[in-house]
Amino acid sequence: MVSEGYNGLLADVGDTADLGNKILSIVENPELLATMGLHSRKRLVSNFSMDAYVRNYEDAYEYLIKK
């Protein structure tokens, strides 16, 4: 769901300092937050819209027919 640096930031599991640094970098950079938000919207529309659902279903169906 999250691509590091594209539509979010991933913190190392259990590393509270890393998590804090990632949160701080977003709070201190509203432009980064806005860009990641736009990227998230783009990913949502391209991968999880009704059109994407139909396209993925058709692709899976075509794959099964060709087997």
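How many salt bridges does the count come to by this rule, a side-chain nitrogen of Lys or Arg within 4 Å of a carboxyl oxygen of Asp or Glu? The count comes to one.

This is a predicted model, where local features need pLDDT of at least 70, side-chain atom pairs count only at pLDDT 80 or more, and totals for chains, interfaces and linings use all residues. Residues are numbered from 1 along each chain as its sequence is written, and side-chain values use heavy atoms, leaving out hydrogens and water.

**View A. Lysine 22 and aspartate 18 meet in a salt bridge.** Their side chains sit 3.7 Å apart, N to O. Side chains of opposite charge can pair when their charged atoms come close. The two are four residues apart in helix α1, so about one helical turn separates them; helices are DSSP runs (H or I, at least four residues), numbered from the N terminus.

**View B. Valine 2 lies in the segment before α1.** Valine 2 counts as partly exposed because its relative accessible area is 41%, between the 20% cut-off for buried and the 50% one for exposed. Skipping neighbours within four places in sequence, valine 2 is in contact (heavy atoms within 4.5 Å) with Asn7, Gly8, Leu9 and Leu10. Methionine 36 is 34 residues away from valine 2 in sequence, and 9.9 Å away in space, C-alpha to C-alpha.

**View C. Leucine 10 is also found in the segment before α1 (16–27).** With 43% relative accessibility, leucine 10 is partly exposed.

Note on methods:
Buried means under 20% relative accessible area, exposed over 50%, partly exposed in between (1.4 Å probe, protein chains only).
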